[in-house]
Amino acid sequence: MGKLLALAGNQNCGKTTLFNKLTGSNQHVGNFPGVTVEKKEGKIKRHPDISIVDLPGIYSLSPYTSEEVVTRDFIVNEKPEAIINIVDATNIERNLYLSLQLMELQRPMIIALNMMDEVKSSGNSIDVDMLSKELGIPVVPISASKNEGIEELIEETVKLVKNKAVLPKIDFCEGSVHKAIHSMAHIIEDQAKEKDIPLRFATTKLIEGDEPMMELLEVTENQKHILEHIVEDMESELKTDREAALADMRYNYIEKICAKAVVRRQETNEQIRSEKIDKILTHKYFGIPIFLGIMLLIFYCTFTLIGEPLKGLLENLIDLGTNSLRNLLESLNVADWLVMLLIDGVCAGVGSVLSFLPLIVILFFFLSILEDSGYMARVAFVMDKLLRKIGLSGKSFVPMLIGFGCSVPAIMATRTLSSDRDRKMTIILTPFMSCSAKLPIYGMITLAFFPKNAGLVMFSIYVLGIIVAILAGLLLKNTLFKGNSVPFVMELPAYRIPSGKSVLLHMWDKAKDFLRKAFTVIFIASMVIWFLQSFDWGLNMVSDSSQSILASIGSLIAPIFAPLGFADWRTSTALITGLTAKEAVVSTLTVLTKAGTDAELSSILNTILTPVSAYAYLAFTVLYMPCVAAFAATKREMGSMKSALLTALFQTFCAYVVGLIIFQVGRLIVG
Amino acid sequence: MTLDKLVPGQSGIIEKIDGQGALRRRLLDMGLTPNTLVRVRKVAPMGDPIELYLRSYVLTIRKDEASKITIKGVEK
C-alpha cells in the first residue's frame with residue numbers, strides 16, 4: 001500500500017510548479033467527487049510508493065467555497081501521511097494564515113518555504129530555523145522555479161512520514177479565544193472522537209460559527225446553547241464578533257512569529273518591478289487598449305499567423321491518412337458500408353474536429369503565459385466592472401473573449417476561474433459569443449439575402465450574441481445562480497517570467513484533454529450522424545440523403561421552427577448536422593438542395609426563406625447549442641452529463657426565443 | 001471614514017470590518033483585520049475595483065466591499 005501526501009497552499013505561491021517538480025510529468029488529472037474542483041495526483045520522483053495530491057489553491061479553510069470544503073474534507077477523511085504546505089516567502093504573513101489552519105487538522109506537516117531566492121536577492125531574510133522552532137514543524141527553504149531545495153524537501157518529507165509521531169503544535173491562541181476554545185473542546189470531545197475529526201479543528205470551527213461542522217458533529221441543542229454562551233462571553237470580552245476574533249488571533253500570532261524570524265527591509269525586487277509594469281499595464285487610459293491589443297495579437301497569431309496554416313497542414317495530413325486507409329480497406333475487400341462508416345463517418349467527423357488541435361495548443365500556449373506571468377489577474381482587475389452587472393467577475397472576461405475564436409478552448413479556459421458558480425455561468429454564456437466556425441454560415445446567408453449589407457448583418461449578429469449573453473446572464477443571476485456569488489477579493493501576484501516547463505505541461509494537458517474528447521464523444525457522435533445520414537428507416541443504405549433517417553427527422557422537427565419562419569426540412573436537417581461542427585450547416589444545405597454552386601444555393605435558399613426568416617435562421621444557428629466538441633468540453637468542465645444537457649437545452653431555448661422574436665417582430669415591420 | 005473614500009497614495013489603519021457571511025470572512029482571511037496598515041495604490045480604469053497594498057502583498061477588492069471597511073489615522 002502506497003503512502004499519500006497532500007500539497008496545500010495559497011494561489012499564486014508556486015504550488016503547481018512545485019507539484020510538477022515533485023512528480024515530473026507523471027500526473028493524473030481528475031475532479032474531486034461531486035464538484036468540479038480539479039484534483040491532480042502524481043507519484044513523487046524516485047519514490048514510486050509515495051503519491052501526492054495537489055489540493056486547490058486556497059487562502060483559508062472557511063466553509064464558503066467548494067475549494068476550501070474539498071481541501072478540509074480531503075485531509076479529514078483521507079488522512080494523508082503528511083501535508084506539504086507551500087508558503088510564499090515574499091508574502092509570508094498571509095500565507096501562514098492558511099498554515100495555522102492546516103496545523104489544526106493535526107496531520108504531520110512540513111512547510112516548503114518557496115521563493116526564498118527572491119527574498120534573499122532583495123536584501124531581506126528569513127530565519128528558517130527560528131520559524132521552524134516557533135511553528136513546531138520542519139521548514140525547508142526552496143525555490144521551485146529554480147529547482148532549489150526540492151531534493152531536501154523530499155528528503156525531509158520522507159523522514160517526516162517515517163517518524164510520524166510529530167504532530168504540529170496548536171497552542172497559538174491566547175486570552176479570550178484560548179478560553180473559549182478550551183471550554184468548547186471539553187464539550188464536544190466525545191463527538192469529535194466518534195466522528196474522527198481532529199478535536200482542535202472541530203472546536204475552532206464551532207467557535208467561528210461554521211455550519212457544516214455543526215452538522216457533521218451532530219451538535220445537540222443543549223450544546224449549541226452552551227456554545228452560544230461561550231461565544232457571547234468571548235465576543236463581549238474582545239469587543240468583536242467570532243469570525244473576526246479568530247482571524248485576528250491567527251494574524252496576531254503570525255505577526256509575533258514574523259517579528260522574530262523575518263527581516264524585511266524593503267519590497268522585493270519583483271514587487272518593485274511589478275509596480276512599475278502595472279503603471280503601464282493597468283494604466284487609467286492605456287490599460288484597456290493594451291489588453292485588447294494583446295488579445296488581438298494572440299488571436300492573430302492563433303487563428304491567422306500560425307494556427308490556420310498548421311490547421312491546413314493537419315487537414316492535408318488527415319486527408320492523406322484517410323485516403324490511404326480507404327485504399328487499404330478497398331484492397332482488403334472490406335464491405336462497402338464499413339468503408340463508408342470508417343471513412344465518411346469516423347475519419348471525416350473526428351478529422352474535422354482534430355484539425356482544431358493546433359488552434360487549441362497554440363491558444364493555450366499564450367493563455368498559460370498570460371496566466372503564469374500574473375497578467376490574467378490584471379485583466380480581471382481592469383475588466384471587472386463590465387462583467388459585474390451580469391453577476392460575474394473580471395476573471396470571466398478572458399474565456400468569453402476566446403469564445404469569439406472557438407468555444408472549445410474557451411470552455412476549457414474556465415478552469416482558471418476560482419469559483420464553481422462563476423465557472424458554470426461562464427460555460428453557459430460563452431457559446432453565445434459567435435465563434436469562427438460560424439463564419440461560413442454568415443457567408444452563405446449574407447450572400448443569399450443581404451449581399452449589400454453583409455458587414456452590417458455580421459456585426460449585428462455578433463452584437464446580438466453579446467446582448468443575449470448579457471440577458472441570459474441576468475436571468476441566471478436572478479434564478480439558478482442567485483445569492484452565493486463568490487466575492488471578488490483577489491490577489492494581484494507579482495509578475496514573474498513563466499517557466500517553459502509549466503507552459504508546455506499545460507499545453508500538453510489541454511491537448512490530451514481535447515484528444516480524449518475527439519476519440520470518445522466526437523467519435524461516437526460522428527458515427528451516429530453518419531448512420532442517420534446514410535440509411536433509411538428500412539436500414540437500407542441511401543445514395544440520396546433526402547431519403548435518409550436524418551432527413552425524416554429533419555422533416556419531423558421542422559414544424560417546431562414554423563413560428564421562427566423556417567419550417568423547411570432541409571434547414572432543420574442542417575441544424576442537426578450543425579451539431580457535429582457549425583460549418584456543417586452550409587455543407588448539408590448544399591447537399592440537400594442539390595446546389596452545384598454558391599449562386600445556385602443562394603437562389604434556392606431564396607425560395608425557402610425570406611430575408612426576415614433568413615435572419616432569424618442565422619440568429620438561431622449562431623445561438624443554439626454549440627457543436628459536439630464544445631458540448632464534450634462542457635460536460636467535462638461541468639462535471640456531469642446532466643448539467644451539460646441542461647446547458648445545451650438552455651442555450652437552444654434562448655436561441656428559439658430570439659429567433660421567434662426576430663421573425664415575429666420582423667414580419668410586422670417588413671410586412 | 002471608509003476605505004473606498006481613500007484616493008490612490010493614501011493609507012490608513014483598519015478599525016473594523018462590517019458586512020457579513022462569505023464576503024466578510026474572505027476580507028478577514030486575506031488579512032484585512034483590525035489594526036492592519038493598508039494603502040490604496042490604484043483605481044481600475046473604469047473606476048472600480050481598487051488596488052490595495054497590505055501585509056506586503058497586493059490585493060484588489062471592489063469599492064462596495066471597501067465601503068464596509070472603516071479606516072482611522074488616514075495619512076497621505
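A: Helix 15 of chain A contributes the most to the lining of the second largest pocket, at 7 residues. Helices (H or I, at least four residues) and strands (E, at least two) are DSSP runs, numbered from the N terminus. The model is predicted, so local features need pLDDT of at least 70 and side-chain atom pairs count only at pLDDT 80 or more, while totals for chains, interfaces and linings use all residues. Residues are numbered from 1 along each chain as its sequence is written, chains are lettered from A and ligands numbered from 1 in the order in which they are written, and side-chain values use heavy atoms, with hydrogens and water left out.

The volume of this second largest pocket is about 820 Å³. Among its 34 lining residues, A:Ala348, A:Gln533, A:Thr580, A:Ala584 and A:Ser587 are the closest to its centre. On a 1 Å grid over the protein atoms alone, a pocket is an open set of points where a 1.4 Å probe fits, with protein on both sides within 12 Å along at least five of seven lines, and lining residues have an atom within 4 Å of a point; a set that the probe cannot get out of is a cavity instead. Grid points are joined across faces, edges and corners, and the volume is the space filled by probe spheres set on the points.

At least two lining residues come from each of helix 14 (307-331), helix 15 (336-354), helix 21 (439-449), helix 24 (521-534) and helix 27 (584-592) of chain A. By type, the lining divides into 16 nonpolar, 13 polar and 5 charged residues. Here Ala, Val, Leu, Ile, Met, Phe, Trp, Tyr, Cys and Pro count as nonpolar, Asp, Glu, Lys and Arg as charged, and the others, Gly among them, as polar.

The loop between helix 14 and helix 15 holds A:Asn333. This residue has a positive phi of about 60° although it is not a glycine. Most residues other than glycine have a negative phi. A:Asn333 is exposed because its relative accessible area is 67%; buried means under 20%, exposed over 50%, and partly exposed in between (1.4 Å probe, protein chains only).

Elsewhere in chain A, helix 26 (residues 569-577) includes A:Ser572. A:Ser572 counts as buried because its relative accessibility is 0%. Beyond its neighbours within four places in sequence, A:Ser572 is in contact (heavy atoms within 4.5 Å) with A:Gly554, A:Ile557, A:Ala558 and A:Phe561.

Chain A also meets chain B, with 48 residues from chain A and 34 residues from chain B in the contact. The two chains bury about 3600 Å² between them, 55% of it on carbon and sulfur atoms. Buried area is the accessible area (1.4 Å probe) that two parts lose on being put together, summed over both. On the chain A side, A:Phe381, A:Arg388 and A:Val489 lose the most area to chain B, together 18% of what that side buries. Between the chains there are 9 salt bridges, each a side-chain nitrogen of Lys or Arg within 4 Å of a carboxyl oxygen of Asp or Glu. A:Arg388 forms a salt bridge with B:Asp48, with the closest N and O atoms 2.9 Å apart. B:Asp48 is joined to B:Pro49 by a cis peptide bond, with omega about -5°.
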